[in-house]
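Welcome! Please take a moment to look over the sequence and the model before reading on.

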Amino acid sequence: MSINQQSYAATEKFLTRKSFIEMDALGRAASILDGGKGRVLLGPFDRIHSPWLAMQEIVIQEDDGVILLKGTIDGKPALVISIESAFQGGSMGEVSGAKIAASLELILAEHTKGRETRPVILFESGGVRLQEANLGLAVIAEIHSAIVALRNKIPVVGVIAGMVGCFGGMSLAASLCSYLIMTRQARLGMNGPEVIEQEAGIEELDSSDRSLIWSLIGGEQRVAIGQADVLVEDDADEIAAAVRRSFNNGVVSQPRSARVDEYLAKLNEYDPARAADPIALRAAWKKGD
Amino acid sequence: MSDTSISRGDTWLKSLTSRETSTAFGCASVVFGDAPLGNTNARFIAVVPDPKSKFPRARKGEVGLEQGWILAKLIRDTMKLDEGATPRPIVAVVDVTSQAYGRREEMLGIQLACAAAADAYIAARLAGHIVLSLIVGRAMSGAYLAHGYQANRIIALDDPQIFVHAMGKQAAARITLRAVDELDKLGERVLPMSYNIRNYAKLGLLYELVSGVDADKPTSDDVNKVREVLVRAMDDVKASGKRDLINRLTSNDAIKIRAASNTVREQLMKEWN
Amino acid sequence: MEILKYDYPSAKSPISKKVHVGVVGSGDLEILLEPSKDGLAHVVISTSVNGYGQVWQDVIDRFFSKFDGAAAIEINDFGATPGMVALRLQQAVEKLK
């Protein structure tokens, strides 16, 4: 193709791409599955909502902000667990967290009976829902347990697309996954920038400095230092393809959260007295090392 | 008991291991000791303050980058030592103020460091180790997820300085635009939001809340009492034949308070096929 | 938070299925629409913004001036404008077809 043809094709691709970020949780989940469709489990008409919000005069969402969509990926049974970030920031309450933990636990139980379901988690969450504090935190620990127990039987594939990103206890969950796919717009961090600014001061981190934040914890940076696996554009087809490829790559024998000596060595080489330099870090910690 | 104690976590680790403790792989903030528990030998692990820690934002007992990875290494080494033999019980002595908050922490991936610690505790359970947690101080947020929340059974001391929560009170007050005493009142109405350990105990997540011991300066009777609860917890896990977290859903309190969690599981099974 | 209830006994056409639209996000709402148990239309609204009962009444009245389904409608609202409410109601009706 000539240069003009290439740039035309690229523009065409950009204009016809389907934005994943602009879709709600249900749309995102459907776009991952074959044929763009699936069956909703524990949907809003089951009315299994938060038992804790109404007493605080907070309006519920009947599915508590987590959508379970069962379908297929490359013809194989699959479940997409999609967090609706528009509801309470995608935060984990008793029910929203239970839907995630229960799904992963059930998939493991099914696996022991010879029935495989491919789990995909669309992480779009600020972490624990403060209005349910200790039950949110507890269920996140259960999610961690379920991911680790499941991932050496079936790959657990995580996607962070933005714009909310993945924070708090769910950032640990994302890091436990077999594969983690991120867009440039996505962020993966344990503490929200506002919380760091609040706890450690604006010198430590100016939460209004967007380019700083993304340079430290954005998708491109995370992939470049090996803390996520695949960088994708905000394109539903591309993301679905990356999910399919991840399953084809199979179970990961040494997930990054188990590669202790490797990371300790990297940490030992790092000199905290130096200014934080995310670009230099890419060279030192580059993906694939 | 000890004038040189640097934290409750340090105090209780030393008490339970008769002061035979070591730092893990040269990291002064991850300390452990091996000591009898019932008729077996257990490994006790604590995260403690280290004012000389390499990362300035992790010097007061937080779980930061080093603590996360070193915990992971210690637990995995313990697993390796026990390969081919009966896996020993691992006891997390929990007094962790929070995860570390800092620019370097985020850049270098504290989410992965804490995940690594949680991962190791889970791997230990999956390999047959009984994991217990003893909360003697703070068990907060990501630090608790990394160190303590993966236990088969969790025990806490009944003491007003014991806090389990997702966010510190001051920070939570700022974020929810409420006064601190408003938050306290809210915690009385909304059980999971309470900072009071006695309310945490009602959620059905604890094996036991131990009263009548001095959390700061335990006597030897206090230590024996706690050790006895740990032994009972260990035997309870053994008797169950499982190494999972299911008791957090099946305890009497959980059946009441976490009813929705159980409904989710039951309904999901009905709709699955 | 306020809970508002409205009944439309003249809306009696049978509804054939359940439909759901929307998200309880800032400025948005979710609607659960299903066949009413007693053959008449009922609307229950939980809204995060108090004091707009009359505005809700107007919007729902206008909706039922063109819709005569015997629907049980549940609305969970997080500060949507009347225009947004009308849009979501319309989306729900579309899904019924």
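## About the model

This is a predicted model, in which local features need pLDDT of at least 70, side-chain atom pairs count only at pLDDT 80 or more, and totals for chains, interfaces and linings use all residues. Residues are numbered from 1 along each chain as its sequence is written, while chains are lettered from A and ligands numbered from 1 in the order in which they are written.

## Chain A

Chain A has 11 helices and 7 strands; these are DSSP runs numbered from the N terminus, with helices (H or I) of at least four residues and strands (E) of at least two. Its C-alpha atoms fill a box of roughly 55 × 50 × 40 Å along the principal axes. Of the 289 residues in chain A, 58% are buried, meaning that 20 or more other C-beta atoms, placed from the backbone, lie within 10 Å of the residue's own.

## The cores

A nonpolar core is a set of buried Ala, Val, Leu, Ile, Met, Phe, Trp, Tyr and Cys residues joined through C-beta atoms within 7 Å. The largest has 175 residues, and Val93(B) is among those touching the most other members. Helix 4 (residues 110–126) of chain B gives the most to this core, with 13 residues. A second, separate core of 31 residues includes Val59(A) and Val23(C).

## Where chains A and B meet

Here 63 residues of chain B are in contact with 63 residues of chain A, contact being C-beta atoms, placed from the backbone, within 7 Å. Helix 4 of chain B gives the largest share of chain B's side, 11 residues.

Technical notes. A residue is buried if 20 or more other C-beta atoms lie within 10 Å of its own, exposed if 12 or fewer, and partly exposed in between; C-beta atoms are placed from the backbone. Two residues are in contact if their C-beta atoms, placed from the backbone, lie within 7 Å.
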